[in-house]
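Colleague: Please take me through this model. I would like to start with how its strands pair.

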Amino acid sequence: MEQLMQQVVSGLANGAIYACVALALVMIFVSTDHINFAQGEMAMFSTYIAWQLMQWGAGFWPAFFIAIAVSFVGGLTIERVILRPLHTAPVLSIVVVFIGLLAICNSIAGSVWSYLIKEFPSPFPKDTFGLAGLIGPHQFGVVLVTIVVLSLLFVFFRFTPLGLAMRAAAQNPVSARLAGVRVDWMLALGWGLAAAVGAVAGTMVAHIVYLDPNMMGGILLYAFAGALLGGISNPGGAVLGGFMVGVLENLVAFIGNAIEKSFGVYIIGNGEKLTVALIIVITVLTVKPSGLFGRVVVKRV
Amino acid sequence: MATSRRGFVGGMSAAVVFSGGAAFAQKKYDDGATDTEIKIGHTNPYSGPASAYGVIGKGIEAYWKMVNDKGGINGRKVKFVSLDDGYSPPKTVEMVRQLVEQEKVLCVFNTLGTPTNTAIHRYMNQRKVPHLFVATGASKWGKPKEFPWTMGFQPDYHTEAAIYAKHILANVKDPKIAVLMQNDDYGKDYWEGFKDGLGKDINKVVRHVTYEVTDPTVDSQVIQLKDSGANVFFNIAIPKFAAQAIRKAADLNWKPVHYLNNVSSSVASTLKPAGYDNSQGIITGLWLMDPTDKQWNDHPEMKTWREWMAKYMPGANTEDGNYIYAYAVSTLMLETLKKAGDTLTRENLMKQAASHQKLRVPLVLPGITVSTSPTDFYPVQAIRLARFKGETWELFGDVLSAEST
């Protein structure tokens with residue numbers, strides 16, 4: 001029983017990380033209809049910026065917010081400079097650009113900061129935070145931060161004119177333009193926001209998985225699963241999907257152990273965690289292609 | 001006629017006797033060696049997922065630069081041709097063929113990675129080109145009967161794990177062992193060695209869990225291990241996951257006797273990120289000096305290494321143990337080439353590589369030497385156990401080798 005509790009809580013903590021990255025994926029998807037394969041590496045790069053600032057003597061929170069700001073500008077610039085000329089290009093060309101971005105971010109980070117893993121501090125007080133023996137202070141903090149980021153985005157999209165304009169630009173670019181929305185800039189803004197959310201994810205994750213240029217590789221995979229499970233067009237759904245994938249993968253191992261213990265046969269275990277998680281995702285998508293909480297997009301042809 | 005031939009033969013043998021020294025100095029070359037140059041081939045992942053090891057190639061290159069600046073080996077300059085294989089076995093095959101067939105190197109040296117070396121293993125032995133001191137700890141590189149042209153370098157995982165197993169049986173009362181293992185060849189090599197070391201005591205392993213390199217964390221696995229009630233933990237993980245496991249065990253308040261594989265023994269990459277508090281008392285097997293371990297700061301070899309780093313690798317990260325590795329393995333290559341003298345044939349090179357007697361290689365732990373023979377293709381075969389205390393490893397016990405287990 002104690003183990004079940006620990007597995008679920010640890011799954012929630014991992015899920016919070018997937019949720020953060022999934023949120024960044026959703027940001028770009030809702031504003032441009034693309035899935036950014038370089039999202040993880042961009043987040044990793046932002047995290048290195050935060051780390052560098054801390055090496056230069058900044059505290060965690062200043063470094064955190066500066067990194068977010070820099071990432072926002074960086075994301076915006078990438079859209080303006082690299083993707084803008086490709087607006088009319090076929091999807092495949094854009095996918096190639098994303099993969100190129102991934103490789104470039106990874107190699108630059110490696111050559112500037114080396115591939116040695118680095119520790120990344122946690123901003124959450126060690127003794128007064130979290131629930132002893134069940135969830136570490138940092139993991140508890142990550143769950144909270146994820147919820148805060150989600151709420152902020154919700155408020156931004158629902159209640160601010162800029163958020164409304166962004167939604168309009170994504171859903172109906174032509175009408176939005178006619179209504180005076182600068183659609184191009186809205187796309188760039190979407191990229192900036194995604195990079196900023198990615199920076200939050202990176203700085204939160206780095207304490208858990210340690211900082212190195214390849215730290216986001218595995219996470220991006222799970223984040224994709226989470227985003228698709230919850231519905232890639234719905235930020236709230238993606239966050240929920242992230243949490244679900246996190247808990248699911250731990251339960252797979254737990255249930256596998258239980259089966260092995262009581263029946264003496266090995267059916268599933270740690271090696272199949274990802275496989276089982278992905279099978280569940282595929283099943284959900286077959287039944288409900290837009291994800292559990294996704295909006296069904298109807299296109300007129 | 002008969003007499004004259006006998007006379008001729010006699011004359012020959014006399015000539016050999018008289019010119020004993022000179023005959024030795026007679027120069028003989030295979031591809032890749034001339035009066036002025038020795039050409040050595042190398043592949044390394046300068047790009048791709050394992051590019052963290054790229055620094056080894058850069059370190060080796062800098063080492064040969066130093067050798068050349070000092071006049072080379074027996075008057076010959078080393079030409080080091082290092083190609084990027086991106087840790088992809090098919091690419092390694094392509095690059096090594098290029099090295100052997102176009103560049104015509106004398107030997108291939110310290111090619112990095114288990115899957116990559118596996119891909120070229122057969123080729124090197126068919127072409128009869130020395131495949132020396134490969135950079136992998138797998139146990140399959142020391143088989144002179146089947147593969148007389150391939151030789152390993154570092155202590156193999158199999159031996160290391162067997163040493164831990166023996167140590168557990170001898171020192172832990174009523175051991176209940178939990179094992180965390182990376183689910184690939186590297187993890188399995190350790191696991192097999194560990195099982196061999198335990199022998200009939202294999203039932204002492206109460207829990208054995210695996211993780212994939214794509215897993216973001218091993219938290220879930222460590223929870224399972226703790227749940228087994230084990231009092232010994234054998235951690236077969238690369239630095240990132242090893243550090244996570246150390247920290248998670250501490251978070252869960254699980255305090256087993258912790259054995260950590262040598263792959264993750266770097267203070268800077270594993271124990272510092274895991275937290276010094278959480279790492280106290282961990283046991284590992286060491287064979288190289290750790291540049292971040294303060295106890296070596298005044299060691300003359302470490303000082304020489306630092307001077308070399310400052311001069312030939314300015315700006316490089318002096319915390320990175322891979323540069324230590326590069327320096328040590330290159331020195332072994334240098335000694336082997338020196339011994340080969342002017343007979344720079346591939347056959348002689350293998351013969352020299354297989355006849356080191358208790359050679360001291362710099363930066364290898366005191367007490368450990370390199371010995372090889374025509375039947376022993378494992379140059380470094382010993383480790384010393386160490387316990388983590390404060391911020392460094394504290395060596396304890398004797399030098400342990402495969403023979404002693």
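Modeller: Strand 2 (residues 37-44) and strand 3 of chain B pair in the parallel sense over eight bridges. Strands pair if DSSP finds at least two bridges between them. Helices (H or I, at least four residues) and strands (E, at least two) are DSSP runs, numbered from the N terminus. This is a predicted model: local features need pLDDT of at least 70, side-chain atom pairs count only at pLDDT 80 or more, and totals for chains, interfaces and linings use all residues. Residues are numbered from 1 along each chain as its sequence is written, with chains lettered from A and ligands numbered from 1 in the order in which they are written.

Colleague: Which residue is the bridge partner of Gly41(B)?

Modeller: Look in strand 3 of chain B. The partner there is Val81(B).

Colleague: Which strands of chain B stand at the edges?

Modeller: Four strands form an open, parallel sheet in chain B, in the order 3-2-4-5. Each edge strand has a single partner, so one side is left without a neighbour in the sheet. The edges are strand 3 (77-84) and strand 5 (131-132).
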